[in-house]
Amino acid sequence: MKALVLAGGSGVRLRPLTYSMPKQLVPVANKPVIEYAIGIVRDLGVTEVGVIVGDWESAIRQTLSDGSRFGVDITYLRQERPLGLAHAVLLARPFLGADDFVMYLGDNLVPDGVGDIAAEFRARRPAAELVVHRVADPSAFGVAEVDRDGSVRRLVEKPSRPRSDLAVVGVYFFTEAIHKAVEAIEPSARGELEITSAIQWLVERGGEVLAREYRGFWRDVGRAEDVLAANRRLLGELPPAVAGQVDAASELRGRVVVERGARVVRSRIDGPVIIGAGTVVEQSRIGPATAVGRDCVVRAAELSNSVVFDGARIDAVRGLRGSVIGRHATVRAGIDGQSGHRLIVGDHACVESFA
């Protein structure tokens, strides 16, 4: 089995953060989202990985390189324009050949793994096997209508009146049957080759298409609130580890990671929290579910339930929570600064006061 990891999206809903980086590189628990995707497919025993890239190709390449540090071999496949998931499969045909493959959307997180679903696919080899998850509002997703035995009878993209609560997660398993389907379909009203249309083509022609429910944590990190939720979940799995310096006047409680080269001075940290390498935390209080990236400065500040990207600086800000602070951004309280702020700050931006 091979893998096709998609990393060509623009991440419009995450702006201003994605003006200067792709959403697949947004850090969650101080690690880019796409690295979790590579780890998931590697854990399925897949070592040949094709990565679909677009305008952010150089940034994705710089992060993943040849894949050797993850135990995989990466081939980069350029998609000049985002013409749909099925178009990505069409583009990747020379790489995929006649092999079965898993397609994984690089902005999705399924930290509980899909090993059991992959094992069934390998044993049974249906034309396609979809990973689905029950959601409260299916209208925002591709929705699978499924028989009692798990056979898919209909697949609809973002229906206005969903007939099922089973949203299609961004993980798909395919045999080579999918190639005939993607060659047969026409672009949708939005000008894209939809993978839902290709799978529906298989269903209508008698192909075996199965859906299997994933019951673990799942997020498509397309919005700031999804980034924060994923960060909370993944921080909760980190074992405590202190490789940096923590002075005697500081206090660490719960799951706290202080990476090598970081310094914590006269501060209190209540986990789960990770402090990145080279970061200085001084006279501050950092509350649960917070990830502070590398080479940051947090001084005389209070923050919780937040994600701080590499190189950011937070000075004299109290009550910062539910926030996402971009790379090398500065957040500094004005003389009338108040507590209880929720901020989304882009890379290199400067916020100096609050209303």
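**Strands and a helix**

Guide: Strand E6 (residues 101-105) pairs with E11 in the antiparallel sense over four bridges. Strands (E, at least two residues) and helices (H or I, at least four) are DSSP runs numbered from the N terminus, and two strands pair if DSSP finds at least two bridges between them. This is a predicted model, where local features need pLDDT of at least 70, side-chain atom pairs count only at pLDDT 80 or more, and totals for chains, interfaces and linings use all residues. Residues are numbered from 1 along each chain as its sequence is written, and side-chain values use heavy atoms, with hydrogens and water left out.

Visitor: Which residue in E11 does tyrosine 104 stand opposite?

Guide: E6 and E11 are antiparallel partners. In E11, the residue opposite tyrosine 104 is valine 171.

Visitor: How many residues of strand E11 are buried?

Guide: Buried means under 20% relative accessible area, exposed over 50%, and partly exposed in between (1.4 Å probe, protein chains only). Strand E11 spans residues 166-174 and is largely enclosed by the rest of the structure, because the buried count is nine of the nine.

Visitor: What is the bridge partner of arginine 134 in E11?

Guide: Strand E8 (residues 128-134) runs antiparallel to E11, and six bridges join them. Arginine 134 has as its bridge partner leucine 166.

Visitor: Which residues of helix H5 are buried, and which are exposed on the other side?

Guide: In helix H5 (residues 115-124), Ile117, Ala118 and Phe121 are buried. Seen down the axis of H5, they fall within an arc of 100°, so they line one face; the arc is that of the directions from the helix axis to the C-beta atoms. Exposed on the other side of H5 are Asp116 and Ala123.
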